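Colleague: I am new to this structure. Please take me through one part of it closely, starting with the ligand's surroundings and moving on to what lies around them.

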Amino acid sequence: MATASSFARRLGAAVREVSLKKGAGGWYGPHMAAAERAVLERIPLVDLVVEVRDARIPFTSAFESLRQRVCSHKHMILLNKVDLANRSLTEKWMKHFENQNRLCYGVNAHNKDNIKELLSIVRAKIKELKVGESTYTATVMLAGIPNVGKSAITNSMHQIGRISAAEKGKLKHAVVSPQPGETKDISSYKIASHPNIYILDTPGVLSPKIADDDSASKLALTGTVKDSLVEECKLARYFLAVLNSSEEYKHWENLKDAVDDTLSLNSREKLMAGCHTDQKRRRQYSSDHTQDITWLRKSQASWLGIFCLQLI
Ligand SMILES: Nc1nc2c(ncn2[C@@H]2O[C@H](COP(=O)(O)OP(=O)(O)OP(=O)(O)O)[C@@H](O)[C@H]2O)c(=O)[nH]1
Ligand SMILES: [Mg+2]
C-alpha cells in the first residue's frame, strides 16, 4: 500500500513542475517578483520584521529571501494557525527559534487574547529597539509566504490595538481569503498610539525554487499554492494518507455524527447545507470522494483534528 511519503513525493513532484512554469501556468510571475523586491527594499526602513510562518510547517514555511537580509535583533518569527497545529510541537519549535536568537511567538489570528499578547510583545520589542528616544513612530512589517495569515493578523492587530487605545477612527480592513495571493500591495495600518506603531501588510512571496518534493507537498497541503495549479486528486490522496497515518481518520467514521456532536445547531446547519450544495454542484461520480476531501481540507474545521506536518 502506498504510504504518505509516496503520495507526498508524487504531489511534491507535480508542484515543483508547476513552479518551473513561467506566466499563468506557475505562481512566480512579474507581479510576485515586484512584490518581493518591494518587501526586501523596505527592510532597512522598518523597525521590526515579523516573519509569519504556518505553525504546521514552521521550517518549510520560511520566507527564504529574509534569511540573509534581516539581522536577528529586528527579526521576529510568528507561528500562526496554532489552532491547527500540535501544541507541544509548536512549543518545541518556538524554543528552537529562540535558541537561534529570534524572538518567536505562536498565535491564532482569530483569537483576541493571543492578539492582545502579541501586541504587548511587539510594543515591548519596539521600546527596547528605540531605547533612548523619547518620542518616535515605529513601523513593523509582516512578511511571509502566501496564505500564512498576514492579513488576518493585520486586521486583528489593527482592530484590537486601536480599540484598546480608545481611538474610534474609521478602521481599515485587509482582504483575507482562503486562496493564496490575495494581497497585491503593501498597506499600512495603525496598531498603537503613544507611541504610534504602524504595521505593514505585504503580499505573500513564494520562491519558485522549492528545496525538495517533500517541502513542495507540505506547502501545497497547507494552501500556499493555488489549488487550481495542483491536481486536486493528488492533493486529496496525500491529505488522506496524512490523516490515516495520524489516526485522524477515526474522526471520519461517522462524519455526520461527528458533525452533530461537536457543532452548534446553527453552525451545523450551515456546514451541512454548504456540504450538500457543494456535493450537488461538484460531484460527478458517486464513488469519487476526493472532492469531499478537498472541501474538508479547505474548511479547516476544528473537529477534523489537527495535523502537524513537520516534526522537530
Ligand atoms: N484556523 C486558522 N485560520 C487562519 C488563521 N489565520 C488566518 N487564517 C485563514 O487563513 C487564510 C489565509 O489568510 P490571509 O490572512 O488571507 O493570508 P495571507 O498571508 O494574507 O495571504 P496572502 O495575502 O495570499 O499572502 C484565510 O482563510 C484565513 O481566515 C489562524 O490563525 N487560524
Ligand atoms: Mg494577505
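**The ligand shell and the sheet**

Modeller: Ligand 1 is surrounded by 24 residues, and the closest are A109, G149, S151, T183 and G204. Bear in mind that this is a predicted model. Sorted by class, the shell around ligand 1 holds 11 polar, nine nonpolar and four charged residues. Which helix gives the most to this shell? Helix 5, residues 150-164, does, with three residues.

Six strands form an open sheet in the order 3-2-1-4-6-5. The pairing is mixed. Strand 3 (103-107) and strand 5 (187-192) each have a single partner strand, so each stands at an edge with one side left without a neighbour in the sheet. On average, neighbouring strands are turned by 25° against each other, direction ignored.

Strand 5 and strand 6 (residues 196-201) run antiparallel, joined by five bridges. For K190, the bridge partner in strand 6 is Y198.

Then come the helices against the sheet. Helix 4, residues 112-129, packs on the sheet. Helix 4 touches strand 1 (48-54), strand 2, strand 3, strand 4 (137-144), strand 5 and strand 6. The direction of helix 4 makes about 165° with that of strand 3. Helix 3, residues 87-99, lies across strand 2 (75-80) and strand 3. Helix 3 runs at about 160° to strand 3.

Key
Residues numbered from 1 in each chain as written. Chains lettered and ligands numbered in written order. Predicted model: local features only at pLDDT ≥ 70, side-chain atom pairs only at ≥ 80, totals over all residues. Near = placed C-beta within 6 Å. Helix = DSSP H or I, 4+ residues; strand = E, 2+ residues; numbered from the N terminus. Nonpolar A, V, L, I, M, F, W, Y, C, P; charged D, E, K, R; others polar. Pairing = 2+ DSSP bridges. Axes fitted to C-alpha atoms, helices over the stretch in contact; angles between N-to-C directions. Contact = placed C-beta atoms within 7 Å.
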